[in-house]
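Open the model in your viewer and keep the sequence panel beside it. The stops below go from the whole chain to single residues.

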Amino acid sequence: MKQARISSLSIEGFRSLRKIENLELPQLTVLIGGNGAGKSTLIRFFEMMSWMLKSNKLQEFILRQGGGDDQFFMGARKTPRIRAELCIKTSAGDNDYKFELVHLSAGDTVMVMNEAWRFSDERGDKARWHECGEVSKESSLLLTRNRTASTISNLLKQCATYQFHDTSSNASIRNRWDVTECFQLRSDGGNLAAVLLDLQSNEAPRYRLIIRQLERVLPAFKEFVLEPMAGKVELRWVGKYSDKTFGAHLTSDGSLRLFCLITLLNMPLERLPNVMFFDEPELGLHPHAIGLVTEMFKRVAKTNQIFIATQSPYMVNCFDLENIIIASSKDGETSLRNLPKEKYQHWLDDDYLLSDIWLQSAVGAEV
């Protein structure tokens, strides 16, 4: 059964998103667009929401992201407020949440104001809004004792972004990791060895499934070698054609990313966030591996909401028209739009692939 999900979103004034109105968000959303089109901006917005509602760390997020002025479209002098409204759909009805951010030049930070929530069942019109706090540097939603407020905060604070791009010599995945940090995979995959060790010990059938799936796309791969020492474990594996054990430093970047993706997408559902964002997961993967990972995305999306930002035509072709959101940019402003079936289905009926539609100028502009 599907859990609560984010069904629509309006944003005004956040970074390159000058004005996005009532954007429909599928259970499995695939964001496509060129470099600098704004795909990652939408992901950063939900990262901000997670920091804001997880433990009242909005100000820390703002600091880490360059300061308050950088969060406003063309700067706070041009855009004095960020406005956002989103709908979280459950089996009972719609849980709506809205808020505004204003810039404070002193300290280059932001203030939260006009926070409100409402619940509307599917039998009637939208309910009235309920204000949930005064102007503050942090969200007041967590302090609101209400079922709707809890539904909203519980979902949004679980939003997690996964980006396994950093496979440099100093990357976390190449280091030894505390075996106790194994319940969830970190956003950068750093604790992969600890997670695999836990699955090997406590979820043996699931662990063996991960091994079999890796063998499908890495024919030389045989098994992980996970040997804890002094409470820590490092990522090592052995191949089929020799007894040599390979550490992360002898493993290709693409293989490390594939280890992370396949492990994450095969973890028990209770150990996955309700909403998951993936920033260019296809990086460094062979097309066959992309196809396998895509099928896993579809399976997990039956219960957990997934957002994927990609530039891979091959990955795009693995999805359906209703999954796609196009990101494009003009004069520094990002537009995000769905591809209505009634408008684009005739392309597919004429044997075009989804990537053909995207790569045609017809998708870059309204037709």
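Two residues are in contact here when heavy atoms lie within 4.5 Å. Residues 24 or more positions apart account for 63% of the contacts in the protein with a separation of 6 or more.

This is a predicted model, in which local features need pLDDT of at least 70, side-chain atom pairs count only at pLDDT 80 or more, and totals for chains, interfaces and linings use all residues. Residues are numbered from 1 along each chain as its sequence is written, and side-chain values use heavy atoms, with hydrogens and water left out.

**Stop 1: the whole protein**

The protein has 11 helices and 17 strands; helices (H or I, at least four residues) and strands (E, at least two) are DSSP runs, numbered from the N terminus. The radius of gyration is 22 Å, close to the 21 Å that the globule rule gives for 367 residues, so the protein is as compact as a globular protein of that length. That radius is taken over C-alpha atoms, and the globule rule is 2.2 Å times the number of residues to the power 0.38. Along the principal axes, the C-alpha atoms fill a box of roughly 65 × 55 × 40 Å.

Now switch to a surface. The protein exposes about 17,100 Å², of which carbon and sulfur atoms supply 47%. Accessible areas come from the Shrake-Rupley method with a 1.4 Å probe, and for residues only the protein chains shown count as cover. Of the 367 residues, 54% count as buried, where buried means under 20% relative accessible area, exposed over 50%, and partly exposed in between (1.4 Å probe, protein chains only).

**Stop 2**

Go back to the cartoon. Six strands form an open sheet in the order 2-1-4-5-6-7, with antiparallel pairing; two strands pair if DSSP finds at least two bridges between them. Which are the edge strands? They are strand 2 (17-24) and strand 7 (130-131), each of which pairs on one side only.

Select residues 5-14, which are strand 1. Strand 1 pairs with strand 2 over five bridges in the antiparallel sense, and serine 8 has glutamate 24 in strand 2 as its bridge partner. Strand 1 also pairs with strand 4 (residues 81-89), antiparallel and over seven bridges. There, glutamate 12 stands opposite arginine 83 in strand 4.

Continue to strand 4 and strand 5 (residues 93-104). Nine bridges join these antiparallel strands, and a hairpin leads from strand 4 to strand 5 through three residues.

**Stop 3: lysine 98**

Select lysine 98, found in strand 5. Its bridge partner is glutamate 85. Lysine 98 is partly exposed, at 26% relative accessibility. What does lysine 98 contact, leaving aside its neighbours within four places in sequence? The residues are Ala84, Glu85, Asn114, Glu115, Ala116 and Trp129.

Show the side chains along the strand while you are here. In a regular strand the side chains alternate between the two faces of the sheet.

**Stop 4: asparagine 22**

Move to asparagine 22, which lies in strand 2. Although asparagine 22 is not a glycine, its phi is positive, at about 50°. Is asparagine 22 buried or exposed? Asparagine 22 is exposed, with a relative accessible area of 60%.

**Stop 5: strands 10, 12 and 13**

Select residues 221-224 (strand 10) and 236-239 (strand 12), which pair in the antiparallel sense over three bridges. Phenylalanine 221 stands opposite glycine 239 in strand 12. Valine 238 has threonine 245 in strand 13 as its bridge partner. Strand 12 and strand 13 form a hairpin with five residues between them.

**Stop 6: strands 16 and 17**

Finish with residues 324-330 (strand 16) and 333-338 (strand 17), an antiparallel pair joined over six bridges. Serine 328 stands opposite serine 335 in strand 17. The hairpin of strand 16 and strand 17 has two residues between the strands. Select aspartate 331, in the loop between strand 16 and strand 17. Its phi is near 55°, a positive value in a residue other than glycine. Aspartate 331 counts as exposed, at 71% relative accessibility.
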